Amino acid sequence: MKITDVRVHVLSTPLEQPFFFSQGWVRRRSATLVEVTTDTGLVGWGEAFAQGLEAPQIAAAAIEHALKPLVMDADPRDHEVLWHRLYHTTRDYGRKGTIVAAISAIDIALWDLVGKHYGVPIYQLLGGAFRTRVQAYATGFYRVADPDESPRLAEEAVAHYEAGFRAMKVKLGYGVAADVRVMEAVTNAVAGRGVTLMVDTNHAYGVGDAVRLGHALAGYGLRWYEEPVAPEHLAGYREVRSRCAIPIAGGENEHTLYGYRDLLAAGAVDIAQPDIGSAGGFTGCRHIVALAQSHGVQVNPHVWGSAIAQAASLQLIAAVPVAHHSVFPEEPIFEYDRSAHPFRQQLITEPVLHREGWVEIPAGPGLGVEVDREVLRRYAV
Ligand code: CA
């Protein structure tokens, strides 16, 4: 089996209702998809994570100009060898960020091809499924007008609950006082209904405010406190973690085993959150999962991309062991972004949908999804 082509599809569309998180306004949803074809007639799909503020053309250029020539004519079954080739060849200008996201996209497509070649889901290639379904948590609670939109956000919590979600992640990082008011409103709205809450500030604060917020929310029974400080501020993470009672999560902006080596060695997090479209694909995440296990750190993948990234994340979650050495382990939960995304569900013929807050992990070959090419054309940049 030989790779005969690598095609990039850049999709983007404006949002009817833009929203903002602590780092800025999200006005468009975008995706950088990669399609790898072989001489055996198979097609594999991958996706580079495009952050809300990131132009999808950056990863597209990296794939087109830097990575594609490195995998042409190769056998997709050599995905570990190819990952090392892609990483080492781009080291002097890569190692983090969009270059690794671009590597991730190709790596995901290679694993999709190998799964299709052998007729097995990717989780089987990774060693089997620890679980065949996963509880979904609602990601949402963005702001559209004001940092403190407590009444609307309380209503949103009820809407997630009524849709079947029993776990939700609230966007914070809009000022500590406003954050606390929002959490009071959201918590009261779903009190007594068995809802688990998490918070995510997207590294809005320095250590002082991050700790202040952690102390203010100490009694809320939160499952985790995500990205309290900037991703490169490992000492800050450690300080927040040592001074707050809430488990600290992070890693969506960290990459590869090298980035995670430093994150984990610093004692920065209780929960590691690699994004498969950003951290290095299946190969990179497999390295990270082993590292996390050696540190007794739980892995709970992050995902905010389109349907390809969601499908890849589900395959990864199926194969993530409980790595934190507890006899009362918390199972990983699946990030189910409830914010607007005009083409995510249309992109594959059987979209990733939850039922009563749970998602079944596709068991078909590779990623287990089929792409609707009409949608590629409709949203093409
Ligand atoms: Ca996040």
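1. Helix 5 (residues 150-162) packs on helix 6 at an angle of about 35°, and the two axes lie 8 Å apart. The structure is a predicted model, and the values in this note should be read accordingly. Helix 5 crosses helix 6 in the right-handed sense.

2. On the helix 5 side, the contact with helix 6 is made by S150, L153, A154, A157 and V158. Their partners in helix 6 are R181, V182, A185, V186 and A189. Sorted by class, the residues of this contact are eight nonpolar, one polar and one charged.

3. Helix 6 (residues 176-189) also packs against helix 7 (residues 207-216), here at an angle of about 25° and with 10 Å between the axes. Angles under 35 degrees count as roughly parallel, so helix 6 is roughly parallel to helix 7. The crossing of helix 6 with helix 7 is right-handed.

4. Which residues of helix 6 meet helix 7? They are V176, D179 and V180, and they face D209, R212, L213 and A216 in helix 7. This contact has four nonpolar and three charged residues, with no polar ones.

5. Helix 1 (residues 57-71) and helix 3 (residues 97-118) form another packed pair, with an angle of about 55° and axes 9 Å apart. Because of that angle, helix 1 counts as oblique to helix 3. Helix 1 passes helix 3 in a right-handed crossing.

6. The lining of the largest cavity consists of Q298, V299, V320, P321, V322, A323, H324, E330, E331 and P332. Six of these lining residues are nonpolar, two are polar and two are charged.

7. The largest pocket holds about 310 Å³ of space. Its lining has 17 residues, and those nearest the centre of the pocket are P351, V352, L353, E360 and P362. Which element gives the most to this lining? Strand 12 (residues 358-360) does, with three residues. The lining of the largest pocket divides into nine nonpolar, three polar and five charged residues.

8. The second largest pocket has a volume of about 230 Å³. It is lined by 19 residues, with F21, Q51, G52, N202 and E252 lying nearest its centre. By class, the lining of the second largest pocket has five nonpolar, seven polar and seven charged residues.

9. To recap the packing, helix 6 has contacts with helix 5 through residues including R181 and V182, and with helix 7 through residues including V176 and D179.

Key:
Residues numbered from 1 in each chain as written. Predicted model: local features only at pLDDT ≥ 70, side-chain atom pairs only at ≥ 80, totals over all residues. Heavy atoms only, no water. Axes fitted to C-alpha atoms, helices over the stretch in contact; angles between N-to-C directions. Helix = DSSP H or I, 4+ residues; strand = E, 2+ residues; numbered from the N terminus. Parallel < 35°, antiparallel > 145°, perpendicular 65-115°, else oblique. Left-handed = near helix turned anticlockwise from the far one by under 90°. Contact = heavy atoms within 4.5 Å. Nonpolar A, V, L, I, M, F, W, Y, C, P; charged D, E, K, R; others polar. 1 Å grid on protein atoms, 1.4 Å probe; cavity = no way out; pocket = protein on both sides within 12 Å on 5 of 7 lines; lining within 4 Å. Points joined across faces, edges and corners; volume = space filled by probe spheres on them.
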